[in-house]
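Please find below my notes on the model under review. They are set out as numbered points.

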Amino acid sequence: MKYLSCRYIEHGMDFEHTRLETCCFTCHSGGGKITLKKEYAGEPIDWEKLFELKRKYRIEHRNGNLMPNCVGCVFLEEKEWDEEDYINFLQFNYWVACNSKCSYCYEVQNKKMFEKIKPYDSVPVVKEMIEKKILRPGGEVSFGGGEPTIAPEFEALINLLTENGFQNMRIHSSGIKFSPAIEQAIRRGVLNVVISIDSGCEKTYKKIKNVNAYKKVLENMAKYATANKNGYGLMTSKYIIIPNVNDNRKEIDMWIDSVRNVGGRWLALDIEDVWYKVNRATISSYYLDLVNYVIDKANAFDMKIELYDRARGLKEGKNQL
Ligand code: SF4
Ligand code: SF4
């Protein structure tokens, strides 16, 4: 039976700092944050209980009762969904520590609150998920943060997933620390590292990131781009449009030139989260024009471009939903 749902309600799980959720997407009007476990810090999971809850959500969607927190989400789609209990869209967002200090970062803005959160290690539970075939390849495993590459368990986690046949991993990294496991997985064609540099020059980078690492990030982007093979393995350079900071064509031109210079061919575009949420109903056509400008430039240079959910929402006219 066809019904409106999404891959994260059906088969998704997200490790958050202190909770388990279905996904990490929050920029649509419903606001996301659909709970799978209210408190979580790395302990073993009662899978029967977790899937019982997921089945409840699924039944609501199948009955046409869209979860209020999902309203307006760009990931909703109408199709036939299978009824099995498994996870194949797994997200890791539980790391707090980071080597960047991005001006738009929720964690930087709420530093005191995040400092109190104790880190945990997800490797034992991921091993269990693989052994019990709860976690299956075929979807996407994605990593956000904090900064994943500085977590002590990060390299082991990537190698565990790579060795167990996961061929579609996505890491969101500041790009400041080089990761041999990322490079190796890119070489194998199973991983996309997304580096949000958000700028086309050192001055703007410093203004946004509050660290001196522009050259280091370009160096690492070049190393990852060189490891790129045909297939999934790749390096994506991401640009978050931040109003009144980098929202101009000159900076975007410099950004795209710098990506081409390091041998990158994949771009991603997004819009700053807090500004987007506050202004979603009144965003001027200037920003849609800017999104289209990036798409046109990418096409002109035969580069691939991916729109992240806010940019995609704007492009698809869903920002006001
Ligand atoms: S519809 Fe959106 S908010 Fe709801 S579970 Fe799916 S991705 Fe998350
Ligand atoms: S790289 Fe990510 S986690 Fe680190 S400060 Fe920037 S937005 Fe925050």
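**Notes on the predicted model**

1. The axes of helix H7 (residues 180-187) and helix H9 (residues 214-227) come within 8 Å and cross at roughly 30 degrees. Axes are lines fitted to C-alpha atoms, for helices over the stretch in contact, with angles from 0 to 180 degrees between N-to-C directions. H7 and H9 are therefore roughly parallel to each other (angles under 35 degrees). Helices (H or I, at least four residues) and strands (E, at least two) are DSSP runs, numbered from the N terminus.

2. This is a predicted model, in which local features need pLDDT of at least 70 and side-chain atom pairs count only at pLDDT 80 or more, while totals for chains, interfaces and linings use all residues. Residues are numbered from 1 along each chain as its sequence is written.

3. On the H7 side, Ile182, Glu183, Ile186 and Arg187 meet Lys223, Tyr224 and Ala227 of H9 (contact: C-beta atoms, placed from the backbone, within 7 Å).

4. The protein chain contains 13 helices and 12 strands. An open sheet of mixed pairing is formed by 10 strands, in the order E4-E3-E2-E6-E7-E8-E9-E10-E11-E12; two strands pair if DSSP finds at least two bridges between them. Its edge strands, E4 (35-37) and E12 (304-307), each pair on one side only.

5. Within the sheet, strand E7 (residues 135-143) pairs with strand E8 (residues 169-173) in the parallel sense over 3 bridges. Val141 stands opposite Met169 in E8.

6. The C-alpha atoms of the protein chain fill a box of roughly 50 × 45 × 45 Å, taken along the principal axes.

Note on methods:
Chains are lettered from A and ligands numbered from 1 in the order in which they are written. Angles under 35 degrees count as roughly parallel, over 145 as roughly antiparallel, 65 to 115 as roughly perpendicular and the rest as oblique. Two residues are in contact if their C-beta atoms, placed from the backbone, lie within 7 Å.
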